[in-house]
Amino acid sequence: MNAFDYRRPQRLTEAIAQLRSDPDAKLLAGGQSLLAAMKLRFAAPSALIDLQDLPALNLLHEDGTGLWIGAMCCHAKVAASPLVRARAPMLAALAQGIGDQQVRHRGTLGGSIANADPAACWPAGVIALNGTVCTDRREIAADDFFTGLFGTALEADEIVCGVRFPAAGEAHYIKFEQPASRFALTGVAVARSPAGVRVAVTGLGNGIWRWRAAEQALADDFAPGVLQGLCVDPAEASGDIHASAEYRAHLAGVLTRRAVQHIQKISA
Ligand SMILES: Cc1cc2nc3c(=O)[nH]c(=O)nc-3n(C[C@H](O)[C@H](O)[C@H](O)COP(=O)(O)OP(=O)(O)OC[C@H]3O[C@@H](n4cnc5c(N)ncnc54)[C@H](O)[C@@H]3O)c2cc1C
């Protein structure tokens, strides 16, 4: 690992100033992706700007009719929150299913969505629930935030402050896990609200993807049967040593049907 400076700002404005003054600096949340990337020399920042002393990024509260989850909230905090369990149980379950205890206590919502790993769970949840990503300078709709493989709409010096989730309706996230890491080999988040149905698929390999054909079919009739004739095109997926593109695409169909079944059951 290369040498780097370590900074620990006490205010958001200080963090922004530090980031702007050093284009090679990087923000540090829980280090669950960044430190591994540094150890492997995929990243060599000149400085780490640690966000852990910024309490404003660690808030979790009701926001109008929805929820606000600060960027520095770790997965364990979200999973254990009675508010999240009551208002958006899908998010609590999604957070509880991430990695292991250590990862859940260090990894954060902000780090996960800024990293935009194509097999990560949070991006699917944020897109399915139509969350709004709030940064130090603007609000970005989930559909515009994720731009592909490890890609987001964030500027190099932009800080995610948190995500606002509208009142959820009913939603479910289900993943077929990569057994070693618990990342999604394929994962599907389905949400139904008065605004419509959203189906977000993670793990296909090219970034988080909305399955519009399934959304359309489910908007007309919210039942697993309407998905029988629908398949994800394997061209939307990629293969690796863990699973072929065809297998991942097949899983997307199976998991979407199971998520719909689950939502039907909980709303009956
Ligand atoms: C063994 C293991 C298993 C895992 N299993 C899963 C899993 O099952 N599902 C899953 O979804 N994830 C999984 N993860 C990922 C984990 O949940 C973390 O969320 C993810 O690695 C990001 O880590 P972090 O929050 O510590 O961010 P960091 O590693 O600190 O940062 C990641 C990136 O985001 C940037 N960043 C951080 N915070 C902000 C911010 N507020 N604004 C702008 N940029 C920011 C950093 O500069 C960096 O580029 C796993 C990780 C490990 C190590």
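1. C134 is buried, with a relative accessible area of 6%, where buried means under 20% relative accessible area, computed with a 1.4 Å probe and with protein chains only. The sulfur of C134 lies 7.7 Å from the closest cysteine sulfur, that of C161, which is too far for a bond.

2. This is a predicted model, in which local features need pLDDT of at least 70 and side-chain atom pairs count only at pLDDT 80 or more, while totals for chains, interfaces and linings use all residues. Residues are numbered from 1 along each chain as its sequence is written, and side-chain values use heavy atoms, with hydrogens and water left out.

3. If a disulfide is taken as a pair of cysteine sulfur atoms within 2.5 Å, the count comes to 0. C74 is likewise in no disulfide, the nearest cysteine sulfur, in C73, being 7.5 Å away, and C74 counts as buried at 14% relative accessibility.

4. Around the ligand there are 30 residues, of which the closest are L27, S33, T108, C121 and R182; a residue is included if one of its heavy atoms lies within 4 Å of the ligand. The shell draws at least three residues from each of domain 1 (1-50) and domain 2 (170-267), with bounds from an automatic or database domain assignment.

5. The protein covers 89% of the 980 Å² of accessible area that the ligand has on its own, by the Shrake-Rupley method with a 1.4 Å probe.

Conventions. Buried < 20%, exposed > 50% of the residue type's maximum accessible area, 1.4 Å probe, protein only.
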